[in-house]
Amino acid sequence: MPFARLATATTPTCHLGLGLAAVARPGYINLGRDEDLGENRSVDSLRTRTHELLDAAYAQGVRYFDVARSYGRSEEFLADWLTARPDIDDIVIGSKWGYTYTAGWTTDAEQHEVKDHSLRTYDRQRAETAELLGDRLDLYQIHSVTPDSPALSDKELHARLAQAAAEGLTVGFSTSGPAQADTVRAALAVTVDGEPLFRTVQSTYNVLETSAGPALAEAHEAGLTVIVKEGMANGRLAAGQAPDAVRAIAEETGLGADAVALALVLRQPWAGVVLSGAATVGQLASNLHAAVVDLDEDQLSRLTALAEEPHAYWERRGQLPWH
């Protein structure tokens, strides 16, 4: 698996990755985007911002980069960056298929992305991703699988994914919604010719949403690499929005609320890679401090007490506006 490359890294940040969901399209649901991105969200402006973030992340030891077909021009921006830096060969690239970006580079589209886990969509988007990333793509994930997704039962799709895996591509899936744990367990049972199909899982886990934890531990035990997304709860755990307990612990540690929030995720023994979704170089630097936050038992207890009921968490997330 390509993630073996990360196992050889010794920097404190080797278990942190950078996701480009927030910077490769003008609209997203993260809080604080008006302040982070300003008014100029042209393609060239966000391409430049993305490249600056990638440069900063790589310089600080980050070696996993996460994009998706639905993240605006994320694959394109990443491909441009890779082309300009052909000597970089020690990173892992993951993308996702299953959502199509439909916002047309606007922030007020009626629908920003359309979900479709059909074989036809896989074939189309696999070709689109291949055109941009070629053999630099290491991991291809089904985007936001839920218990009712046909991707869990489509045998023809499974066979096509197994073929891609046999040709060297790592196959994984991501999850969303209050039933993430059910999705993870259902996906662990998917096999082709008696062999497990999926080698990675990417799920939401953070101070406020911990319900997938036991299932992710099971996935780790089964040999999957676990990637954690939305560790900042779409900005709800950033300094200006964080609960009082998170801000108090940030003061105690002398670091940011974001670093404290991500540190809780990093200390989970099953967490292989924890994604930063930073929109600025300053945010990225602060996020990466999570690698050196040392939480004591009292602080861990106070953070653990903040977990919300999953349906309430996801209902609130669903109400976040596209900025």
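These legends accompany a set of close-up views of a predicted model. Local features need pLDDT of at least 70 and side-chain atom pairs count only at pLDDT 80 or more, while totals for chains, interfaces and linings use all residues. Residues are numbered from 1 along each chain as its sequence is written, and side-chain values use heavy atoms, with hydrogens and water left out.

**View 1. The largest pocket and its lining.**
Let us start with the largest pocket, which holds about 970 Å³ of space. Its lining has 44 residues, and Y28, N30, N234, G235 and G277 are the closest to its centre. Two or more lining residues come from each of α2 (33–37), β6 (139–145), α10 (257–266), β12 (273–276), α11 (281–288) and α13 (310–318). By type, the lining has 15 nonpolar, 19 polar and 10 charged residues. Here a pocket is an open set of points on a 1 Å grid over the protein atoms alone, where a 1.4 Å probe fits, with protein on both sides within 12 Å along at least five of seven lines; lining residues have an atom within 4 Å of a point. Grid points are joined across faces, edges and corners, and the volume is the space filled by probe spheres set on the points. Helices (H or I, at least four residues) and strands (E, at least two) are DSSP runs, numbered from the N terminus. Ala, Val, Leu, Ile, Met, Phe, Trp, Tyr, Cys and Pro count as nonpolar, Asp, Glu, Lys and Arg as charged, and the others, Gly among them, as polar.

**View 2. The second largest pocket.**
About 160 Å³ of space lies here. The lining is made up of Y122, R126, G134, L137, R160, Q163, A164, E167, G168 and L169. Helices α5 (119–133) and α6 (155–166) each give two or more residues to it, and α6 provides the largest share, with three. Four of the lining residues are nonpolar, three polar and three charged.

K96 sits in strand β3 (residues 92–97), and Q202 in strand β10 (residues 200–204). K96 counts as buried because its relative accessibility is 1%, and Q202 is likewise buried, with a relative accessible area of 1%. Buried means under 20% relative accessible area, exposed over 50%, and partly exposed in between (1.4 Å probe, protein chains only). The side chains of K96 and D66 are joined by a polar contact of 2.5 Å. Such a contact is a pair of N or O atoms within 3.5 Å; within protein, one must be able to donate a hydrogen and the other to accept it, and residues adjacent in sequence count only if both atoms are side-chain atoms. Beyond four places in sequence, K96 touches residues including D66, Y140, Q141, S174 and Q202, where contact means heavy atoms within 4.5 Å. With that sequence range again left out, Q202 is in contact with D66, K96, Q141 and S174, among others.

**View 3. F77 in helix α4.**
F77 belongs to α4 (residues 74–84) and, because its relative accessibility is 0%, counts as buried. Apart from neighbours within four places in sequence, its contacts are V23, A24, V43, L46, R47, T50, H51 and W105.

**View 4. The nonpolar cores.**
A nonpolar core is a set of buried Ala, Val, Leu, Ile, Met, Phe, Trp, Tyr and Cys residues joined through side-chain atoms within 4.5 Å. The largest has 89 residues, of which L18, F65, L78, L161, F173, F198 and L295 touch the most other members. Helix α10 gives the most to this core, eight residues. A second, separate core has eight residues, among them L6, V92, V273 and L275.

D193 lies in the loop between β8 (191–192) and β9 (195–196), and its phi is near 55°, a positive value in a residue other than glycine. With a relative accessible area of 78%, D193 is exposed. E230, in the loop between β11 (225–229) and α9 (244–253), also has a positive phi of about 55° without being a glycine, yet E230 is buried at 14%. G231 is found in the loop between β11 and α9 and is buried, with a relative accessible area of 2%. Leaving aside neighbours within four places in sequence, G231 contacts Y205, N206, L237, A261 and L262.
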